[in-house]
Every structure is written in structure tokens, then in C-alpha cells.
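Hi,

Here is the structure I promised to send over.

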Amino acid sequence: FISEIDLNGSKKLLTSLFPSLPPKSVVVDCGAGIGRISSGLLQHVFDVVDIVEPDYRYIKKAKQSIDENKLGEAYCCGLQNFDPIKNRYTCIWVQWVLIYLTDDDLISLFQRFIPALVEGGFIVLKENVSHSKFLLDRDDTSVTRPDSHFKKIFKKSNLQLVQTYIEEGFPENLLPVHIYVLRPMTDSEKKASSTEKTNKTEEEQEIMITTTTVTTTTTSAKEEEGEQKVEIVKNLLVGDEEEQKVEVV
């Protein structure tokens, strides 16, 4: 049910973004998992689909789900280590994976995305977004960010927000799913963004999630589940007091 809503909404977005595609259009599915999005959506829109996924078992399943005539490169690595080929991608698709990256990793990744786009290409992000607080999940050490924090990261990465909206149709008990369509900033947009940063007062601060570390210790050989210790280190930069909150869930 959720997958169908997700794929249908994403298909409408891609149709509006790319009414016509250049020959040999290439998309990369970042955090591809077993290939749900690549096989259910991206291969039906673009000529070539690359995938990035850190788990080799998932890559194997994803390859099996994608038409062999559509399958491009498969990178077995985390996004923090993904270094895309320059001038390759018409679209960079990133969905439900950024919660596992630190802010520094996000900014670095986005900056590597910029030269990887062809002219007229877009970066599409689809992520759960918190209402105001940072939400830290103890089980998987993921961090769900508020919308305002994402937008600050985009600016730091020299990305221009083209459009954003909340996906409709998902159950109300779930966190809202935001779609962000981004492109590289022009020189004038970079200059305006830089001027805006210099006008910030010294009193303004922003939480940046810089590290999330998990240490698992087993208290008994018979116990299958270990105790998890989560350590969060925050680096204060530029932002709102409302964002200076982290809720552990």
C-alpha cells in the first residue's frame, strides 16, 4: 500500500521534471536496497540505472530486479564514500537513507553530486522529516531532521531548492515525507547565499549532527540482543533555538 503510493507520487514528479529526456539518460539510485525504486520506477523512466548500496546481498537482489538492458554501474559502498562520475547523471535519486548520515557527510556528498550532474539535471531527495526536533532512534542510530535544517544544509552545499512539497496519501501516524528537488546554484545565487551568511549574528546557533556512534555489548552469551550505547556529538553553528532539541525515540 505505502509502496504503491510512494511510486505513483514519484512517477508524477519525474514526469513533470522531465517532460522530455536527453538520449542515454542516466539515473543513480542512492541507497538502492533490493531495488524497489529502481525496478518499480526509475528503469521505466531513464535509459540507464546505476545503483549505490553498501550491502552486497541487496545489490545482488537489486541487479536481478532491474532489466539487464537498463542496468548500469553497481557501487557497493556507503553514500559517505560514493564518488560519482562527473557529467554522468540526468537525475540523482536519494530516498529514505539520509537519516543515517551526519551533516558533514551530507554536505560533502551533495558537493560531490554537483559535478556529477549533466546540464539540466536534478537531485531528488525523498525523506521523512520531523516537525521541529531532531529525532534520534536508539535502535538504528538514525537522525530525522526538521525541514528547516535540511534547507540550511542545502545552502551550505551550494544547492538551490527548485521545489518542495509533502507527499500525500501516507498514513497520518507516520512522519511526513518531504520531496526536495535541487539543482546546483548559479554564481549569482552563491553570492547571494554568501552575503546572507555574513549577515547572521554571532548569537544565532544551529545544531549539526556530526557523529553517531553505536557500541554493542553482549551481557550474556545466551542473550541474542546486546545493550546499545548511543553517543551523539553536536557541533553548534548557525540556527534557531527551536532546533536545539534532540528527542530520543
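One definition before the rest: two strands count as paired here if DSSP finds at least two bridges between them. Keep in mind, too, that this is a predicted model.

With that in hand, take strands E4 (residues 89–95) and E5 (residues 117–128): they run parallel and are joined by six bridges. Within that pair, Trp93 sits opposite Val124 of E5.

Both strands belong to an open sheet of seven, with mixed pairing and the order E3-E2-E1-E4-E5-E9-E8. The edges are strand E3 (71–75) and strand E8 (159–166); each has a single partner strand, so one side of each has no neighbour in the sheet. Going from one strand to the next, the twist averages 15 degrees.

Now for the helices on the sheet. Helix H4 (residues 103–116) lies across strand E1 (26–30), E4, E5, E8 and strand E9 (177–184), and runs at about 150 degrees to E5. Helix H5 (residues 147–156) also packs on the sheet, where it touches E5, E8 and E9. The direction of H5 makes about 15 degrees with that of E9.

As for the chain as a whole, the secondary structure comes to six helices and 12 strands. Of its 249 residues, 42% count as buried. Looking at contacts with a separation of 6 or more, 69% are between residues 24 or more positions apart.

Cheers

Methods:
Residues are numbered from 1 along each chain as its sequence is written. This is a predicted model: local features need pLDDT of at least 70, side-chain atom pairs count only at pLDDT 80 or more; totals for chains, interfaces and linings use all residues. Side-chain values use heavy atoms; hydrogens and water are left out. Helices (H or I, at least four residues) and strands (E, at least two) are DSSP runs, numbered from the N terminus. Buried means under 20% relative accessible area, exposed over 50%, partly exposed in between (1.4 Å probe, protein chains only). Contact means heavy atoms within 4.5 Å. Axes are lines fitted to C-alpha atoms, for helices over the stretch in contact, and angles run from 0 to 180 degrees between N-to-C directions.
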